[in-house]
Amino acid sequence: MDVALDPTLLLLLAMGLDVALGELPNALHPVAWLGSFVGFVRARLPHSPAAPALLAGALLLVSALAWVALLVFALGSLARSHAWLAAALALYLLQASFACRALLDAGARVEADLRADRLAAARVGLTSLCSRDASNLDNAQVAGAATASLAENLSDSVVAPLFYFVLFGLPGALAFRVINTLDAMVGYRGKYEWLGKASARTDDLAGLLPARLTALLLLLAGALLRRPLGQGARVALRDARQTPSPNGGVVMALASGLLGARLEKAGSYVLGPELAEPSADTLRRARTLVGLAAALACGAALALTAAPGLPLWTLGATP
């Protein structure tokens, strides 16, 4: 294989770009383009009754994944004649498929605003981490929401894309990002419930193993940081099923126990109800925990891509 197409090298460079530059601006970000397209189409698809909306949502998901397949096919064809150009495009897409620095930076901004008593700014900053309405949240609630979102997004924005890259190369990472983006935009209850049903269920399935791997990484990071592993496991086993997401609850409840902080979303769940109220210090500890777990995930992904036969698809492979 041409060195430009080596999956371990591509992943290493993508990680380096993420650390050095963070996320691309929206004008240059493929996921932002996808979000704009989904927003445009979403307004023109039926939201009810259930059957037409469900069919439309399934077609939206299949169409988006078909575009991934076409893009990958085009890159594979390009790689056989222009390896370095194909590698540059693959690097651009791969770096956009995960967001480690952006996740930690968003948490740091919320923490800094809380410490400086800038609650309004902290509420605005929280929107970079989750879609929760923060307009009436107090300091503790903002800190708790940011902490929970750091844990959940560790799975969705770091571990899962890396997991699927290790298994299936660039197509796996891109397919997961498409599924997860569709779930974020239409896969929630309310107005888009039936339109987003296919995306939501597919996202639940795609995130099943990565969320459990994320929990293991958090436990390992917690052990290295001397966090209370028994308390983390106890809260996770007891409270994980309280959340609407079958995957997010696992990592959020574990983080609650490891950090010794109650994480709550009004009207939805309370994780670790007997634990202390979250604060800016909780968020600092969460960033350290999540950052270490992310570093462990990156190291494991790099090691695994060097294993024989992985990923299952590589640029320039003969069909």
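**Helix packing, charged pairs and backbone geometry**

Threonine 8 is found in helix α1, which spans residues 7-21. The model described here is predicted. At a relative accessibility of 19%, threonine 8 counts as buried, because the cut-off for a buried residue lies at 20%. The side chain of threonine 8 reaches the backbone nitrogen of alanine 306, at a distance of 3.4 Å.

Two packed helices are described by the angle between their axes and the distance between the axes. Helix α7 (residues 139-168) packs with helix α13 (residues 280-305) at an angle of about 5°, and the two axes lie 10 Å apart. Angles under 35 degrees count as roughly parallel, and α7 is therefore roughly parallel to α13. Sorted by class, the residues in the contact of α7 with α13 are 20 nonpolar, three polar and one charged.

The structure holds 11 salt bridges. Among them is the pair of arginine 115 and glutamate 111, whose closest N and O atoms are 2.9 Å apart. Both residues belong to helix α5 (residues 101-115), and because they are four residues apart there, about one helical turn separates them.

Aspartate 281 is partly exposed, with a relative accessible area of 34%. A network of salt bridges links Glu111, Arg115, Asp281 and Arg287.

Another salt bridge is formed between lysine 197 and glutamate 193, where the closest N and O atoms are 3.3 Å apart. Lysine 197 counts as buried at 16% relative accessibility, while glutamate 193 is partly exposed at 23%.

Arginine 177, in helix α8 (residues 170-186), is buried yet has no salt bridge. The nearest side chain of opposite charge is that of aspartate 156, 6.9 Å away. The side chain of arginine 177 does make a polar contact with the side chain of asparagine 180, at 2.9 Å.

Phenylalanine 73, in helix α3 (residues 50-79), counts as exposed at 58% relative accessibility. The C-alpha atoms of phenylalanine 73 and proline 171 are separated by 9.5 Å, and the two residues are 98 residues apart along the chain. Arginine 109 lies in helix α5 and is partly exposed, with a relative accessible area of 46%. Between the C-alpha atoms of arginine 109 and leucine 224 the separation is 25 Å, for residues 115 apart along the chain.

Most residues other than glycine have a negative phi, and most peptide bonds are trans. The peptide bond from serine 48 to proline 49 is cis, with omega near -5°. Proline 49 is found in the loop between α2 (30-42) and α3. A cis peptide bond also joins leucine 310 and proline 311, with omega about -10°; proline 311 is placed in the segment after α13.

Positive phi values occur at aspartate 117 and arginine 226. Aspartate 117 has a phi of about 60° although it is not a glycine. The place of aspartate 117 is in the loop between α5 and α6 (119-126), and at 65% relative accessibility this residue counts as exposed. For arginine 226, phi is near 60°. Arginine 226 lies in the loop between α10 (208-224) and α11 (229-239) and counts as exposed, with a relative accessibility of 76%.

How values were computed: Residues numbered from 1 in each chain as written. Predicted model: local features only at pLDDT ≥ 70, side-chain atom pairs only at ≥ 80, totals over all residues. Heavy atoms only, no water. Axes fitted to C-alpha atoms, helices over the stretch in contact; angles between N-to-C directions. Helix = DSSP H or I, 4+ residues; strand = E, 2+ residues; numbered from the N terminus. Parallel < 35°, antiparallel > 145°, perpendicular 65-115°, else oblique. Nonpolar A, V, L, I, M, F, W, Y, C, P; charged D, E, K, R; others polar. Buried < 20%, exposed > 50% of the residue type's maximum accessible area, 1.4 Å probe, protein only. Lys, Arg positive; Asp, Glu negative; His and termini not counted. Salt bridge = Lys/Arg side-chain N within 4 Å of Asp/Glu carboxyl O. Polar contact = N/O pair within 3.5 Å; in protein donor to acceptor, adjacent residues only side chain to side chain.
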